[in-house]
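Please look over the chain shown here and follow its parts step by step, keeping the structure in view as you read.

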Amino acid sequence: MKAETVKSFLAERALLANGWHSDVLITVDGQGYIAGIAANTRLHSDRCVRLKGTLLPGITNLHSHVHQRAMAGLAEKSTGSVDNKDSFWSWRSVMYHHLEKIGAEDMHSIASQLYLEMLKFGYTGVAEFQYLHHDPDGNRYENPAEISLQCLQAANEVGIAYTALPVLYQYGGFGSIKAAASQKRFINTADEFLIIAQSLAKAVDGNPDASFGIAPHSLRAVDESSLRNVLRQCEDVKVIHIHIAEQLKEVEDCLSWSKQRPVEWLLNHFDVNEKWCLIHATHMSDEEVRRLANCTAVAGLCPTTEANLGDGIFRAHDYFSLGGRWGIGSDSHISVSPVEELRWLEYAQRLVRHQRNVLNTTNMPSTGKYLYQQACSGGAQATGRLTGKIQVGYRADFVVIDHDHPRLFGRSDDDLIDSWIFSGNDNPVTDVYIGGVRLIADRMHHNEDQINAGFQSVVNKLAG
Ligand SMILES: [Zn+2]
C-alpha cells in the first residue's frame with residue numbers, strides 16, 4: 001500500500017540526482033521516504049515548507065569512535081616517547097588512558113554531543129564502530145551490549161541516522177597475540193560478540209533511520225577462523241567494516257605474519273564485495289589499489305584523523321581513477337566537519353603531486369561537487385541505507401545551505417559547493433532534515449543546551 005504523503009517541501013535550488021534545478025517540490029511519505037520530485041514548479045500549496053537556501057543530499061559519516069570525542073585535542077603534546085618521536089602508537093596509549101574512566105552513561109552524553117555536532121555541520125548519518133564493550137575494570141555489563149545501546153539511544157534522541165557496528169576484538173596483534181591489559185574493555189570471544197550483535201540487530205530492526213552491520217576490528221585483532229564463523233552466522237548483515245593498512249608498522253607486522261600485505265591478505269582470503277568497507281586502506285601497493293577499486297567495496301577515508309595521527313596519505317588519485325568507491329568518516333573526531341575531510345583529501349593530493357584540482361573528472365570538473373557526491377554515495381553504500389541522493393525512493397535526508405551567507409555571496413550551483421568546501425571556515429548549514437524531520441532549524445537543535453550541559457559535566461568528571 002502506498003504510504004500517505006504527509007509533507008511537501010519547496011526548495012529554491014536543489015542538487016538532484018540529475019543535476020541542479022530551481023523551484024523543486026519534494027513530497028515525502030509518512031515513512032520519511034521521498035515520494036515525488038517536480039522541478040520548475042509553481043504548483044504548490046500554502047502548506048508546503050519553503051526551504052530558503054540551496055538543498056543538498058545528506059552525507060553519511062561512515063566511521064566514528066564516540067569515546068574519542070572526549071579527548072579530541074588532548075594528545076597534541078609530546079609524550080616523551082623513545083626518540084621523542086610521537087606516533088599513532090603513542091597517541092593510542094594516550095587514548096587508552098583517557099577511556100579508563102568513561103562509563104556507559106558517560107558514553108550516552110559524549111555521543112549526544114558528538115552526534116549533535118555532526119548534524120550541525122551537515123552529516124545526516126553516522127556509522128558507529130564500537131569496540132568499547134566492558135566496564136572500566138574490564139567486567140561485563142549485565143547487558144553485554146550496554147555501551148552500544150547507550151550510543152544508539154543517543155542517536156535516536158538527537159535524531160541522526162545511525163548504523164550500529166559492534167566490533168569483534170580478540171587479540172593484541174597479528175598471529176593471535178594476547179591482548180594487553182589496556183585493551184581489557186574491548187575483548188570478546190566470537191560467541192560473546194554474537195550476543196552483542198544480535199542485541200543491536202534487534203534494537204535497530206524496523207527503524208528506517210538505522211541499520212546494522214558488523215566490524216571485525218582489524219586483521220591484528222581477529223583470527224581467520226573466528227572471522228569466518230562470525231561472517232557465516234551474520235550472513236544477512238548489510239555491511240562489514242574493518243580497519244586496515246592504516247600504519248606502516250601494521251603492514252610490516254602483517255608481512256612478517258603472513259608474507260602478505262593487509263589488503264592483499266584480506267582480498268586473498270575473503271569474498272570482499274559491496275558489503276565491505278575498508279577503513280583507511282592507507283598503505284597499498286599498485287596491485288592492491290587495482291584490486292580494491294575493482295571489488296566494489298568502499299574505502300572509508302578519514303583524512304583529518306589520518307593527518308592528525310601521521311598515518312600517511314591514501315592513494316586517492318590512483319584509486320579514484322580506477323573507479324574505486326569511497327566515503328568519509330571523522331574517526332577520532334579531531335574534526336566533525338565534512339568540509340574539512342573533503343578539503344584535506346584534495347589538499348593532500350595537491351601537496352604530493354604539485355598540482356591543483358586533482359580529484360575530479362573530465363565530465364565533472366567541479367572538484368567540490370565531485371567529492372561531495374562521491375562521498376554521499378560511498379557513505380550510503382557503507383551503511384546499507386537509501387540516502388545520499390535527492391531521488392524518489394530515497395530517505396528525505398538533506399541539508400540546506402544558506403546561499404545568502406556572506407561567504408557564499410554571488411555563488412550558485414557548482415561554484416557554491418566549491419566555495420563551501422574550499423573557502424572559509426564558518427558554517428553555512430542552516431537546516432538539516434532526516435527522514436523529512438527538521439532536526440537542525442536555523443542552526444539550532446531543540447535540545448542543544450541540555451546536550452551541551454551533559455557533555456560538559458562528563459568532561460569535567462574525566463578531568464577530575
Ligand atoms: Zn577507527
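Glu448 counts as partly exposed because 15 other C-beta atoms lie within 10 Å, a number that falls between the limit of 20 or more for a buried residue and that of 12 or fewer for an exposed one. In this predicted model, Glu448 belongs to helix H14, which covers residues 448-463. Although Glu448 and Ser112 are 336 residues apart along the chain, their C-alpha atoms are separated by 9.4 Å.

How is the chain divided into domains? The domain assignment gives domain 1, made of 5-57 + 390-448, and domain 2, made of 59-383. The C-alpha centres of domain 1 and domain 2 lie 29 Å apart, and where the domains touch, 23 residues of domain 1 are in contact with 22 residues of domain 2. On the side of domain 1 that touches domain 2, at least two residues are supplied by each of helix H13 (413-422), S14 and S15, and H13 gives the most, with six residues.

S14 and S15 form a hairpin with two residues between them, and in the turn Gly435 has a positive phi of about 55°. As background to such pairings, the side chains in a regular strand alternate between the two faces of the sheet.

A last stop is Phe174, whose place is in the loop between strand S7 (161-168) and helix H4 (190-204). Is Phe174 buried or exposed? Phe174 counts as buried, because it has 21 C-beta neighbours inside 10 Å, and the limit for a buried residue is 20 or more. Leaving aside residues up to four places away in sequence, Phe174 touches Leu219, Arg220, Asp253, Cys254 and Trp257. Phe174 and Ala14, by contrast, are 160 residues apart in sequence and 48 Å apart in space, taken from C-alpha to C-alpha.

Key
Residues are numbered from 1 along each chain as its sequence is written. This is a predicted model: local features need pLDDT of at least 70, side-chain atom pairs count only at pLDDT 80 or more; totals for chains, interfaces and linings use all residues. Helices (H or I, at least four residues) and strands (E, at least two) are DSSP runs, numbered from the N terminus. Two strands pair if DSSP finds at least two bridges between them. Domain bounds come from an automatic or database domain assignment. Two residues are in contact if their C-beta atoms, placed from the backbone, lie within 7 Å.
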